[in-house]
Amino acid sequence: MANEHILIVEDDEDIAELLEYNLQRQGFRPSCAATGEDGLREAREGSPDLVLLDLMLPGLSGLDVCRALKGAEATAGIPVIMLTAKGEEEDIVAGFNAGADDYVTKPFRPKILLARVQAV
């Protein structure tokens, strides 16, 4: 999976930097967006191999971004891993109903997240 493009849509700068650092160390090409609108635009224009998507974002929510990606023919095949602090049962179900391929709650362990990225 070396050199695959992963789009990180995360408004917390520290978490985005941690994700970017760990993904780069594994040979991925991460890019970041801090809002739902920017993430959706970058996913449409940049054709990432995978999207790591926070739920609670400024502007469009992660659920709305996921629905938009999965509902468009050009982006429907891009795997989406929700990465969020929202860990209640109804939140997880809502994420999968929106089209998420996996759901990881914060706080997370970078090695486990990387394993899930590789699995998806």
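Two strands count as paired here if DSSP finds at least two bridges between them. This is a predicted model, and I will start with its sheet.

Strand E3, residues 50-53, and strand E4, residues 80-84, run parallel and are joined by three bridges. Across that pair, Val-51 sits opposite Val-80 in E4.

The sheet itself is open and has five strands, in the order E2-E1-E3-E4-E5, with parallel pairing. Its edge strands are E2 (29-33) and E5, each of which pairs on one side only. From one strand to the next the twist averages 20 degrees.

Is Asp-102 buried or exposed? Asp-102 has a relative accessible area of 11%, and buried means under 20%, so Asp-102 is buried. Beyond its neighbours within four places in sequence, Asp-102 contacts Val-80, Ile-81, Met-82, Phe-96, Arg-116 and Val-120.

Next, helix H5, residues 110-119. H5 lies across strands E1 (5-9), E3, E4 and E5, and runs at about 175 degrees to E5.

How many cavities of 30 Å³ or more does a search of the whole structure find? That search finds one. The largest cavity has a volume of about 50 Å³. Helix H1 (13-25) and H5 are the elements giving two or more residues to its lining. Among the lining residues are Leu-18, Asn-22, Leu-52, Phe-108, Leu-113 and Val-117. By class, the lining has nine nonpolar residues, one polar and no charged.

That is what I had; questions are welcome.

Methods:
Residues are numbered from 1 along each chain as its sequence is written. This is a predicted model: local features need pLDDT of at least 70, side-chain atom pairs count only at pLDDT 80 or more; totals for chains, interfaces and linings use all residues. Side-chain values use heavy atoms; hydrogens and water are left out. Buried means under 20% relative accessible area, exposed over 50%, partly exposed in between (1.4 Å probe, protein chains only). Contact means heavy atoms within 4.5 Å. Helices (H or I, at least four residues) and strands (E, at least two) are DSSP runs, numbered from the N terminus. Axes are lines fitted to C-alpha atoms, for helices over the stretch in contact, and angles run from 0 to 180 degrees between N-to-C directions. On a 1 Å grid over the protein atoms alone, a cavity is a set of points where a 1.4 Å probe fits but cannot get out, and a pocket is an open set with protein on both sides within 12 Å along at least five of seven lines; lining residues have an atom within 4 Å of a point. Grid points are joined across faces, edges and corners, and a volume is the space filled by probe spheres set on the points. Ala, Val, Leu, Ile, Met, Phe, Trp, Tyr, Cys and Pro count as nonpolar, Asp, Glu, Lys and Arg as charged, and the others, Gly among them, as polar.
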